[in-house]
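Look over the sequence and the model, then read on.

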Amino acid sequence: MRWNRWKVWRGALATVLLAGSAAATAATAKGDVLLVPDRVWTAEGDAAHAGWAVLVHDGAIAAVGPLGTINAPASAQRIALPGTTLTPGLIDLHSHVFLHPYNETLWNDQVLKEPQDYRTLEAAAHARATLMAGFTTLRDLGTEGAGFADVSVKRAIDEGMIPGPRLFVATRAIVATASYGPGPRGFRPDIDLPGGAQEVSGVDEAIRATREQAGHGADWIKLYADYRVGADGSTQPTLSLAEMKAIVDTAHLSGRPVAAHASSDEGVRLAVEAGVDSIEHGYGASEATFRLMKQRGVAYEPTLTAVEATAQYFEHYVPGQGEPTARMREAERAFRTALKLGVTIGNGSDVGVFTHGDNWREPANMVRDGMSAAQALHAATDVAARILRQQDKFGRIAPGLRADLAAFTGDPSTHIDDLKQAAFVMKDGTVYRTPQNTP
């Protein structure tokens with residue numbers, strides 16, 4: 001684990017160095033760039049197009065098609081990407097940039113012992129690692145005890161102070177009183193513990209918390225519909241239907257969508273009835289509940305990799321060697337049910353539970369559990385962009401959209417594991433990685 005942490009902090013140092021050369025890097029966004037890979041996968045259809053190229057002008061996609069049909073200015077910078085497939089920049093809809101893997105530091109210890117300033121520096125390093133892996137957009141679903149610091153990280157990225165993906169942030173998240181960590185179970189009752197999210201009881205407090213988080217800069221509101229609050233430690237609903245509906249209605253009035261953490265069938269059903277826009281995890285949801293999600297147009301982020309990662313840390317699971325754990329089988333069942341019913345499935349990994357920059361593992365696990373490679377790529381590009389309500393800005397390779405692009409050696413539309421190593425990354429027309437600076 002020491003080596004993993006060194007890689008993170010090496011990335012943090014590179015963040016500082018890269019920020020110092022931001023003026024030189026950003027110059028790319030103001031000119032014309034012709035990208036010439038072996039293939040282009042546009043997200044409009046399932047197959048990659050051999051011999052195609054992409055012209056970028058002032059940070060936007062100007063043209064895409066067969067190389068011979070693109071009329072690039074003589075002054076355009078030409079970047080050859082032999083052996084690669086160019087795709088839209090990838091999107092992860094469930095991340096936590098303020099967390100790092102639990103086999104390095106347990107969640108409780110991160111929240112209780114790591115100062116917010118330290119965690120914010122970590123988040124900057126995590127953002128850079130994510131971008132360099134080809135993920136140009138994240139929906140970050142809660143700072144887990146770091147307050148509203150995600151708003152500052154987002155601002156620093158947007159202003160070019162640090163490199164990172166486009167962030168859509170949820171700030172503190174909303175939980176029922178005494179239902180989320182750290183504690184209170186297992187701690188002395190006279191200790192005033194910091195919370196991993198904002199606690200509420202009753203409709204008025206739920207409305208107030210939603211307004212506070214929106215006012216501080218949340219793009220999405222996240223609520224916890226259930227958690228491990230049963231007398232036996234089982235997952236049970238926490239917020240009432242009335243409390244969740246108050247959160248949803250208040251968020252929607254301000255134009256903000258709502259994501260719900262929900263793992264039990266009852267928790268998922270209540271959240272869907274309350275009108276949430278996406279369900280995170282959903283491992284215990286029944287077929288009837290997934291049918292309700294389909295009927296209501298609620299998106300689903302399965303976070304398969306988080307289950308796999310915690311099985312590795314705490315249940316001695318070894319990928320490719322051991323049998324899947326009971327929780328992994330439950331997550332696979334839910335995913336296959338949602339896939340069979342045609343529920344909208346977006347790529348959401350819960351990265352932070354596992355290493356930032358390894359986000360590719362979620363599309364790979366989606367393929368392992370029943371998707372085709374092309375379906376998983378759609379889930380991480382155009383489908384994810386629609387869930388974010390950003391389909392007219394990014395998520396496909398089409399003229400007029402922002403130039404968020406990544407290239408991978410091989411062809412991930414037929415072999416999803418080719419997402420493991422990005423050879424080229426561009427966000428908003430700025431080049432962050434080329435084959436020449438790929439480790």
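Which residue in E7 does Ile91 stand opposite? Ile91 stands opposite Thr137.

## About the model

This is a predicted model; local features need pLDDT of at least 70, side-chain atom pairs count only at pLDDT 80 or more, and totals for chains, interfaces and linings use all residues. Residues are numbered from 1 along each chain as its sequence is written, and side-chain values use heavy atoms, with hydrogens and water left out.

## An open sheet of three strands

Strands E6, E7 and E8 form an open sheet in the order E6-E7-E8, with parallel pairing. Strands (E, at least two residues) and helices (H or I, at least four) are DSSP runs, numbered from the N terminus. Two strands pair if DSSP finds at least two bridges between them. The edge strands are E6 and E8 (166-169), and each pairs on one side only. From one strand to the next, the twist averages 15°. Here axes are lines fitted to C-alpha atoms, for helices over the stretch in contact, and angles run from 0 to 180 degrees between N-to-C directions.

E6 and strand E7 (residues 135-140) run parallel, joined by four bridges. Strands of a sheet pair through backbone hydrogen bonds, either parallel or antiparallel.

## Asp92 in strand E6

Asp92 lies in strand E6 (residues 90-95). Asp92 is buried but has no salt bridge. Buried means under 20% relative accessible area, exposed over 50%, and partly exposed in between (1.4 Å probe, protein chains only). A salt bridge is a side-chain nitrogen of Lys or Arg within 4 Å of a carboxyl oxygen of Asp or Glu. The nearest side chain of opposite charge is Arg139, 7.7 Å away. Lys and Arg count as positive and Asp and Glu as negative; His and the chain ends are not counted.

What does the side chain of Asp92 join in a polar contact? The partner is the side chain of Asn359, at 3.0 Å. A polar contact is a pair of N or O atoms within 3.5 Å; within protein, one must be able to donate a hydrogen and the other to accept it, and residues adjacent in sequence count only if both atoms are side-chain atoms. Beyond its neighbours within four places in sequence, Asp92 is in contact (heavy atoms within 4.5 Å) with residues including Phe135, Thr137, Arg139 and Asn347.

## Strand E17 and its partners

Strand E17 (residues 405-409) is largely enclosed by the rest of the structure, because four of its five residues are buried. Five bridges join E17 to strand E5 (residues 77-88), and the two run antiparallel. Leu86 has Ala407 in E17 as its bridge partner. E17 also runs antiparallel to strand E18 (residues 422-427), with four bridges between them. Phe408 stands opposite Ala422 in E18.

## Salt bridges

The structure holds 21 salt bridges. In one of them, Arg396 meets Glu44, with the closest N and O atoms 2.6 Å apart. Arg396 lies in the loop between helix H14 (382-387) and E17, and Glu44 in the loop between strand E1 (32-40) and strand E2 (49-50), so the pair ties together parts 352 residues apart in sequence. Arg396 is partly exposed at 22% relative accessibility. Glu44 is partly exposed at 45%.

Arg368 and Glu308 also form a salt bridge (3.2 Å, N to O). This pair links distant parts of the chain: Arg368 in helix H12 (residues 361-368) and Glu308 in helix H10 (residues 304-314), 60 residues apart. Arg368 also meets Asp369 in a salt bridge (3.0 Å, N to O). Asp369 is buried, at 2% relative accessible area.
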